[in-house]
Amino acid sequence: MDAEALKKYSALHPKPAGLTLHYGTAGFRARAEQLDHVMFRMGLLAVLRSKAVVSTIGIMVTASHNPEEDNGVKLVDPLGEMLHPSWEEYATQLANAEEGELQKIMTEICQKAAVNQHEDASLFIGRDTRPSSEKLAQSVIDGIFVLGGQYHDYGLMTTPQLHYMVRCQNTQGQYGRATLEGYYEKLSKAFTELIKQSPSSGESQRYLKIDCANGIGALKLSEMKPYFPKEVLIHLYNDGTKEKLNHLCGADFVKVHQKPPRGLDMKPNERCCSFDGDADRIVYYYKDAAGHFHLLDGDKIATLISIFLKELLVKVGQTLRMAVVQTAYANGSSTRYLEETLKVPVHCVKTGVKHLHHKAQEFDVGVYFEANGHGTILFSKAAETNIRELAKEEKDDEKREAAKVLENMIDLINQTVGDAISDMLVIEAILALKGLTVQQWDALYMDLPNRLLKIEVADRRVIDTTDAERRAVTPPGLQDKIDALVKKYKLSRAFVRPSGTEDVVRIYAEADTQVSMLLCRMFPHSFPLSSLSNF
């Protein structure tokens, strides 16, 4: 480690006085002007991580669905997964260190993580379309340069595409080619093979309006259009040429406000979807003939995919273990439909994609989606090998064809992380193969009325939870009050949990009717959560 070079370049990326940031599931996020030192230091950390695991590590400059003025950075581990939890702590320590402590802390990280500093380091860098991203990516490169790492700068790309590239590189091409062309070709080939078997070849079934949140998704979908079959008609809105990123549009806006994005003109019964700013979330929606808005969020997406996959697994006759992973925010109707109608096991985990991903890895086929539309499907190595062998060698025609469909689904899915482009193609393929309209998909089950509120508090840590954040342990008496309220209503459920990033308490409640949702309005008054600010 060159102490002089570290000191020289660190001085070019000074840490603002009094600023403290924490690395979480989303990496670091803050106002863009606060992040220059963080980007430089994450370049340093990525080199150390690469040396520690002797693999290529990804660095993505993005703040996803946050406002355009924000930015952020996240590191991507060797198989395209999120950064290992132990290194999240290192990232936080390094980002918050004073200038004079940098070398000391980096030396400590090398000792704790058994980093061989003589190993080579390989990094992949990507960024979103925010005005601040190019400059901040250069700060990352400065950090890589100080420690002598080698890097490939992919420039503008979606977050899921960078995750994909990292996995391709570290599997020596077994997962695919580590190029954008390789990504487009792999997904489009699988998609084309799937819709060839669609019972309907009409263009209207494939007509889709896409709100791209004025983000990177518009650029990458435009590049991918030539790879799609000619009967696939996608129309891009909020493509970034006129408005600001994520402003009154995008998956998060549609989910939270339960209404269409600005800039997308919906006609009755048209199928529409929205990406978020870095294209790792997706939600679908439509307007019925009466003008009512219908949202098909991550729960509906997980259900559609589960129906399709279970049918195929039954056809191939394999005893592969399939499960769906949700968080406490999943609508109770979706959980009941999956467990009682589909007979698919459902597991609830703590909020955060890393928890869902980890749990899904325990099954042969693990489907996970957060209600916000972030999710994917994981196939175990054994299951994938089994399916590919059946697609090639199975003598029974029906079983072999079902296995081929599963094989193409495996290739269409981005198993590294939630990917709006990949998930969109999976959904479109399933709707085409099953001959379903968006209205028929929506009618599988009816969501319970629900509310999600938040209350600012002085210290969110006063609330502690258990049972995947569905029950409060502290303060004493809180859970008893919630239980007493819930008993008054049919199909009701409620919980409170502290935010992972800000001093607010989040309150979720659902019940059988909108009238019963008075529970939500009573909640803060029946137990004065606002008084927690006094703790």
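Reader: Leaving aside its neighbours within four places in sequence, which residues is Q161 in contact with?
Author: The model is a predicted one. In it, Q161 is in contact with L180, Y183, Y184, K220 and I421, its neighbours within four places in sequence being left aside. Q161 itself lies in helix α6, residues 159–170.

Reader: What makes Q161 count as buried?
Author: Buried means a relative accessible area under 20%. Q161 has 0% relative accessibility, so Q161 counts as buried.

Reader: Why is A3 called partly exposed?
Author: The term applies between the limits of 20% for buried and 50% for exposed. A3 has a relative accessible area of 31% and is therefore partly exposed. A3 is found in helix α1, and its C-alpha atom is separated by 7.2 Å from that of Q103, which is 100 residues apart from A3 along the chain.

Reader: Which residues of α1 and α4 meet?
Author: A3, L6 and S10 in α1 meet L102, Q103 and M106 in α4. By class, this contact has 4 nonpolar and 2 polar residues, with no charged residues.

Reader: How do you know that the span of α13 agrees with what it should be?
Author: Helix α13, residues 381–393, has 13 residues, which should span 18 Å at 1.5 Å a residue. Its end C-alpha atoms are 18 Å apart, so the two values agree.

Reader: Which residues of α13 are buried, and what puts them on the same side of the helix?
Author: The buried residues in α13 are A383, E384, I387, L390 and A391. They cover an arc of only 130 degrees around the axis, which puts them on the same side of α13. An α-helix has 3.6 residues a turn, so residues three or four places apart point the same way. The face turned away from the buried side carries the exposed residues K381, A382, K392 and E393.

Reader: What do the buried residues of α13 pack against?
Author: They pack against α10 (298–316), β14 (375–379) and α14 (397–412).

Reader: Why is A95 called buried?
Author: The relative accessible area of A95 is 0%, so A95 falls under the 20% limit and is buried. A95 has its place in helix α3, residues 85–96. Leaving aside neighbours within four places in sequence, A95 is in contact with K15, F28, H37, V38 and R41.

Reader: What is remarked about the phi of N246, and is N246 buried or exposed?
Author: N246 has a positive phi of about 65 degrees although it is not a glycine. N246 lies in the loop between β7 (233–237) and α9 (251–257). Its relative accessible area is 13%, and N246 is therefore buried under the 20% cut-off.

Reader: Is A279 buried or exposed?
Author: A279 is buried, because its relative accessible area is 0%. A279 also has a positive phi of about 65 degrees although it is not a glycine, and its place is in the loop between β8 (272–275) and β9 (282–287).

Reader: What is the omega of the peptide bond from T474 to P475?
Author: Omega is near 0 degrees, and this peptide bond is cis. P475 is placed in the loop between β17 (471–474) and α17 (478–486).

Key. Residues numbered from 1 in each chain as written. Predicted model: local features only at pLDDT ≥ 70, side-chain atom pairs only at ≥ 80, totals over all residues. Heavy atoms only, no water. Helix = DSSP H or I, 4+ residues; strand = E, 2+ residues; numbered from the N terminus. Buried < 20%, exposed > 50% of the residue type's maximum accessible area, 1.4 Å probe, protein only. Expected span 1.5 Å × (residues − 1). Arc of directions from axis to C-beta. Contact = heavy atoms within 4.5 Å. Nonpolar A, V, L, I, M, F, W, Y, C, P; charged D, E, K, R; others polar.
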